[in-house]
Amino acid sequence: MSTAPKTDAPKKAAPAKVAAPAGAGVEPTVKPARKAAARPARKSAPKAVRPAHSEARLSQVLVGPIVSEKATMVSEKRNQVTFKVLRDATKPEIKAAVELLFKVEVDSVRTAVQKGKSKKFGRSMGRRDHVKKAYVGLKAGQELNFSGEGA
């Protein structure tokens, strides 16, 4: 067993390797800095006009209303209605669908994607489907009633 004394002195670094032998007359070349090329001003193309939403698509966007305690509280406090919608539905589509189907004026649309829970089915694990919800705010004076009262 060797008993070499421990020292806190830093170890010496190995000398750097030189690519060319000293005195060979080869000097490293330095590339000049590039100048940014002047680009001509871009002319923005006119935005493509999206076709209006088809009635067939709008009738499929809303899957159904969500009737729960939370949805009822939101409806009473903020004049919002909650819908289950298709996962690929956009906010403008949801707004157009509600205005078309229920003949009301929509103020705002907020969406949330609820991830499906992992569940055990017998021996195997499964997962419920993801659900996209839309909280549709109605303008003042507008009302949407799902209970069938006073229709």
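**Strands, helices and buried residues**

Colleague: Where is Thr 82 found?

Modeller: Thr 82 lies in strand S2. Keep in mind that this is a predicted model.

Colleague: Why does Thr 82 count as buried?

Modeller: The cut-off for buried is under 20% relative accessible area. Thr 82 has 5% relative accessibility, so it counts as buried.

Colleague: Which residues is Thr 82 in contact with, leaving aside its neighbours within four places in sequence?

Modeller: They are Pro 65, Ile 66, Ala 71, Ala 134 and Tyr 135. A contact needs heavy atoms within 4.5 Å.

Colleague: How do you know that S2 and S6 pair?

Modeller: Pairing requires at least two bridges between the strands. S2 and S6 are joined by 6 bridges and run antiparallel, so by that rule they pair. One place to look is Lys 84, which stands opposite Lys 133 in S6.

Colleague: What makes S3 and S6 a pair?

Modeller: The same rule of at least two bridges applies. S3 and S6, the latter covering residues 131-138, have 8 bridges in the antiparallel sense. For example, the bridge partner of Ser 108 in S6 is Gly 137.

Colleague: In what order do the strands of the open sheet stand?

Modeller: The order is S1-S2-S6-S3, four strands with antiparallel pairing. S1 (62-65) and S3 (106-114) are called edge strands, as each pairs on one side only. On average, neighbouring strands of this sheet are turned by 30° against each other, direction ignored.

Colleague: Which strands does helix H2 touch as it packs on the sheet?

Modeller: Helix H2 (residues 69-78) touches S2 (80-85) and S6, and its direction makes about 140° with that of S2. Helix H3 (residues 91-102) also packs on the sheet, touching S1, S2, S3 and S6. The direction of H3 makes about 120° with that of S3.

Colleague: Why is S6 called largely enclosed by the rest of the structure?

Modeller: Of the 8 residues of S6, 6 are buried, so the strand is described as largely enclosed.

Colleague: What makes Glu 93 buried?

Modeller: Its relative accessible area is 10%. The limit is under 20%, so Glu 93 is buried. Glu 93 is found in helix H3.

Colleague: Which side chain does the side chain of Glu 93 make a polar contact with?

Modeller: It is the side chain of Arg 57, at 3.1 Å. A polar contact needs N or O atoms within 3.5 Å, and 3.1 Å meets that distance limit. Leaving aside neighbours within four places in sequence, Glu 93 is in contact with His 53, Arg 57, Leu 58, Val 61 and Asp 88.

Colleague: How do you know that S4 and S5 pair?

Modeller: Strand S4 (residues 118-121) and strand S5 (residues 124-127) have 4 antiparallel bridges, and at least two are needed. Ser 118 stands opposite Arg 127 in S5. In this hairpin, 2 residues lie between the strands, and Gly 122 takes a positive phi near 65°.

Colleague: How many helices and strands are there in the chain?

Modeller: The chain has 3 helices and 6 strands. Along the sequence they follow the pattern α-β-α-β-α-β-β-β-β. Among contacts between residues at least 6 apart in sequence, 59% join residues at least 24 apart.

Methods. Residues are numbered from 1 along each chain as its sequence is written. This is a predicted model: local features need pLDDT of at least 70, side-chain atom pairs count only at pLDDT 80 or more; totals for chains, interfaces and linings use all residues. Side-chain values use heavy atoms; hydrogens and water are left out. Axes are lines fitted to C-alpha atoms, for helices over the stretch in contact, and angles run from 0 to 180 degrees between N-to-C directions. Buried means under 20% relative accessible area, exposed over 50%, partly exposed in between (1.4 Å probe, protein chains only). A polar contact is a pair of N or O atoms within 3.5 Å; within protein, one must be able to donate a hydrogen and the other to accept it, and residues adjacent in sequence count only if both atoms are side-chain atoms.
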